[in-house]
Amino acid sequence: GNSSPEEELQILLEFKASLSTTKNNTFESWTSEGRSACSFAGIKCDSTGSVSELDLTDSGLSGTIPFRSLCRLPSLSRLSLGSNLLSGSITVGLLNCTSLRRLDLGFNYLAGDVPGLASLNELRVLNLSDNALTGLFPWGSLGNLTDLEVLSLGDNFFDPSPFPEVVVKFAKFTWLFLSDCNLRGEIPSSIRNLTHLVDLELADNFFTGGITAEIARLRNLRQLELYNNSLTGSLPPGFGNLSNLAYLDASMNLLKGDLSELRSLKNLVSLQLFVNGFSGEVPLELGNFRYLTTLGLYSNRLTGMLPPKLGSVSEFEHIDVWDNFFTGEIPPDMCRKGKMRRLLTGDNKFTGKIPDSYANCSSLVRLRVRNNSLNGVVPARLWGLPNLEIIDLAFNRFEGPVSAAIGEAKPLNYLLLNNNFFSGKLPDITGARWLYLQYMDVSHNQLTGTLSPHLGESRTLVYLLMAGNQLSGHIPDCWRRMENLTFLDLSSNNLTGRIPSTMGSMVGLHTLHLNNNSFTGRFPLSLRKCQGLVTIDLGENRFHGEVPPWIGDSFPALKILRLRANRFSGGIPPQLFRLAALQLLDLADNELAGSIPRSVGNLTAMAIRRQQRDDLDRNTFGYSDSVSLMWKGEMSSFKRTLSLVRGIDLSCNFLSHEIPSELTNLSGLVYLNLSRNDLTGSIPSAIGNLDLIESLDLSRNQLSGAVPPSIASLTFLDSLDLSSNNLSGRIPSGNQLQTLDPSVYAGNDGLCGPPLPNKCSDHLERSTDVEENRDGDEIIWLYLGTGHGFVVGFWGFIGLLSFKRRWRLAFFRSMDKVLSRLSIGLKR
């Protein structure tokens with residue numbers, strides 16, 4: 001019934017009292033002091049003075065909506081409370097608002113079930129989107145809302161249901177937003193009835209089947225969103241008839257076929273078809289679309305050239321065609337209107353140079369063209385574009401210098417130039433200019449010069465990767481401020497001198513690669529402060545002195561310790577084996593002596609069977625940790641599978657005594673190399689416990705006794721070397737041991753049985769044939785004579801090598817080089 005102005009004033013004041021707001025002016029005018037409710041902010045009244053509209057959209061409101069009270073306003077036709085912080089449920093009190101034409105409760109925190117809405121038969125607009133509503137939506141009750149034009153229910157937590165057939169009966173619909181509503185099944189062909197639709201959004205559901213060809217009848221469509229479903233098939237015939245379509249997003253589906261239907265959609269503003277299976281070429285006509293600003297086609301199977309005129313007539317802003325098979329040159333005119341912000345063409349087969357026209361593209365924020373076949377010199381002014389946040393030119397064939405203009409790119413976050421042919425010195429840009437630089441990868445180029453002493457002023461740096469260049473000189477003492485640096489890779493350069501003590505200031509350091517340089521001195525004591533280290537690689541340098549025992553207590557997270565090919569001496573400290581996370585230990589090619597500590601069995605991570613990849617496999621802008629290992633006789637680099645590799649390499653040292661039986665507790669080992677030492681005793685009988693091992697090298701020691709039968713249970717073993725020891729007895733039979741090349745057992749005169757030619761016997765066989773003995777006497781004495789000369793000469797030489805350990809090491813290293821040239825190793 002009707003209500004008086006005083007009653008309506010009281011209803012509104014009750015409404016105000018039930019809510020709170022974060023915005024002071026929301027209810028400032030809502031007072032009872034001689035005022036009409038019609039003068040309240042957000043309130044409109046009809047010609048009779050009755051409240052007809054309540055609009056407090058985006059007013060900072062929180063609390064629950066008192067529907068029962070509000071719906072006593074008899075003339076209320078518009079209730080707009082969207083974009084607030086309202087909670088609670090939609091109560092049945094709402095059903096008394098029978099005059100409502102517009103109900104907007106979107107973008108709040110309403111929860112619970114939605115009651116049947118049949119009584120709201122005046123509604124033109126219903127918006128409940130982006131809440132936390134649950135239960136099965138009362139689709140059937142919508143059948144009574146015959147004047148409905150806008151239905152917006154997306155982004156809620158409704159129970160699963162098929163596409164609601166009731167909605168295709170609303171001939172007046174202009175807007176249908178049902179994205180993220182837990183809808184299943186296929187999009188019905190009856191969608192063709194909604195001929196007035198301007199906006200159709202069905203994204204983020206579970207639709208299957210094809211895009212119905214009937215959708216082409218919706219000639220008024222300006223926006224069509226179908227992304228993140230499981231739609232199959234191709235763009236249906238006639239799809240090009242949607243001549244008003246401006247925004248099309250069918251990304252993240254299972255669509256395939258070509259894009260020929262798009263050639264007539266000349267009003268397109270944004271085209272998003274990424275993460276599908278589309279193939280063929282992009283229609284040339286897109287280059288003439290005057291409104292096209294955004295093109296997202298990444299992760300498809302598209303081929304051919306991009307339209308050369310792309311962006312030449314439109315205010316183009318964004319292209320992402322990453323991960324396709326595009327060829328030809330990058331279209332030169334996409335920044336012709338000066339609006340382009342993102343140029344993302346990585347993981348394709350583009351050729352040619354970066355067009356000079358982009359050197360003037362001051363709007364450019366992201367330039368990412370990695371992993372193509374681009375070449376030439378990068379335009380000098382391109383480096384210094386004032387809004388650049390990302391320069392990613394990695395894995396191409398660029399050459400020439402890095403321009404000093406790069407200092408003008410002050411917002412720069414990521415500088416990725418790795419795996420090119422850039423040369424000359426890096427510009428000496430101080431960190432004060434680059435306030436935001438986090439990731440710098442210039443590795444694997446031809447850069448020269450020394451490291452800048454200003455490098456340490458880049459306090460935001462997290463990744464600094466400069467490996468594989470021709471950098472020389474000392475590391476500057478400049479690391480005090482770099483507490484955020486996590487990954488440092490200076491490997492494979494010509495750097496010299498000692499490691500500066502300020503490196504210990506990098507307390508966040510995770511990965512340190514200084515290998516393959518000419519560094520000297522002892523193991524850096526300053527690193528003791530870097531307790532988060534996971535990878536330490538100081539291999540192939542000239543470090544000397546003992547391996548410090550404190551390593552075992554200072555790096556609880558250490559997974560990789562690689563010190564190979566240095567001049568470390570003394571014993572292997574038992575404390576090293578407290579590193580419970582250690583999965584790779586490489587101390588090969590040093591001057592270590594003494595026994596292998598029995599505590600080697602405490603390396604917990606090496607006792608763990610194969611497991612999933614962990615944080616050694618990182619993929620931020622293409623970076624993941626890597627390490628080089630002597631694998632099956634060849635130096636190989638492990639990257640993607642690194643976290644699955646567990647191994648120990650102590651080869652080419654002066655280690656003596658027995659192989660500790662505790663080593664066989666490490667049942668997760670994939671490779672073990674103890675070759676070229678002075679190890680004695682027998683091979684541990686429980687060697688078969690290492691049943692994941694693929695590469696086992698115990699050669700060139702003084703091991704004796706039988707080959708343990710358990711070795712036959714190593715079913716993954718495909719590289720074995722037991723040569724040049726004093727082993728004896730029958731080679732165990734079973735699995736692949738007899739299929740290996742006989743050379744893996746060579747130099748063990750007491751071994752017999754397949755695959756060796758000499759047969760085994762249980763006792764000495766004495767011939768009774770006098771004639772045979774007499775006939776063989778001459779030959780036997782000949783062999784004994786020449787054998788005696790060889791033994792004297794050989795052991796004299798070996799004795800000399802044993803006496804001069806450095807000489808012996810040099811001899812075996814030179815032999816290694818000869819052997820590695822002859823062997824064919826793992827290629828990755």
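Predicted model: local features only at pLDDT ≥ 70, side-chain atom pairs only at ≥ 80, totals over all residues.
# Exercises on cysteine links and charged pairs

Arg-370 is buried, and Asp-392 is buried too.

## Exercise 1

Find which side chains form salt bridges with Asp-392, and say which parts of the chain are tied together.

Solution. Step one: take Arg-370. Its side chain and that of Asp-392 meet in a salt bridge, with 3.2 Å from N to O. Arg-370 lies in the loop between strand 28 and strand 29 (373-377) and Asp-392 in strand 30, so this pair ties together parts that are 22 residues apart in sequence.

Step two: take Arg-368. Asp-392 also forms a salt bridge with Arg-368, and the closest N and O atoms are 2.8 Å apart. Asp-392 belongs to strand 30 (residues 390-392) and Arg-368 to strand 28, so parts that are 24 residues apart in sequence are tied together.

Step three: check the burial. Buried means under 20% relative accessible area. Asp-392 has 0%, so Asp-392 is buried. Arg-368 has 15%, so Arg-368 counts as buried as well.

## Exercise 2

Decide whether Arg-217 is buried or exposed, and name its salt-bridge partner.

Solution. The side chain of Arg-217 meets that of Glu-214 in a salt bridge, at 3.0 Å from N to O. Exposed means over 50% relative accessible area. Arg-217 has 52%, so Arg-217 counts as exposed.

## Exercise 3

State how many salt bridges the structure has, and list the residues that are linked in a network.

Solution. The count comes to 18 salt bridges. The network links Asp-537, Glu-540, Arg-562, Arg-564, Asp-586 and Asp-649. As background, side chains of opposite charge can pair when their charged atoms come close.

## Exercise 4

Give the number of disulfides and the order in which the cysteines pair.

Solution. There are 4 disulfides in the structure. With the bonded cysteines of the chain numbered in sequence order, the pairing reads 1-2, 3-4, 5-6, 7-8.

## Exercise 5

Describe the disulfide of Cys-71 and Cys-97: its handedness, its place in the chain and its burial.

Solution. Step one: the S to S distance between Cys-71 and Cys-97 is 1.9 Å. The torsion about their S-S bond is about -95°, so the disulfide is left-handed.

Step two: Cys-71 lies in the loop between helix 2 (67-70) and strand 5 (78-80), and Cys-97 in the loop between strand 6 (85-87) and strand 7 (102-104), so the pair ties together parts that are 26 residues apart in sequence.

Step three: Cys-71 has 8% relative accessibility and counts as buried. Cys-97 has 3% and counts as buried.

## Exercise 6

Step three: Cys-335 is buried at 12% relative accessible area, and Cys-361 counts as buried at 1%.

## Exercise 7

Solution. The sulfur atoms of Cys-752 and Cys-760 are 1.9 Å apart in a disulfide.

Notes
Residues numbered from 1 in each chain as written. Heavy atoms only, no water. Disulfide = S-S within 2.5 Å. Helix = DSSP H or I, 4+ residues; strand = E, 2+ residues; numbered from the N terminus. Buried < 20%, exposed > 50% of the residue type's maximum accessible area, 1.4 Å probe, protein only. Salt bridge = Lys/Arg side-chain N within 4 Å of Asp/Glu carboxyl O.
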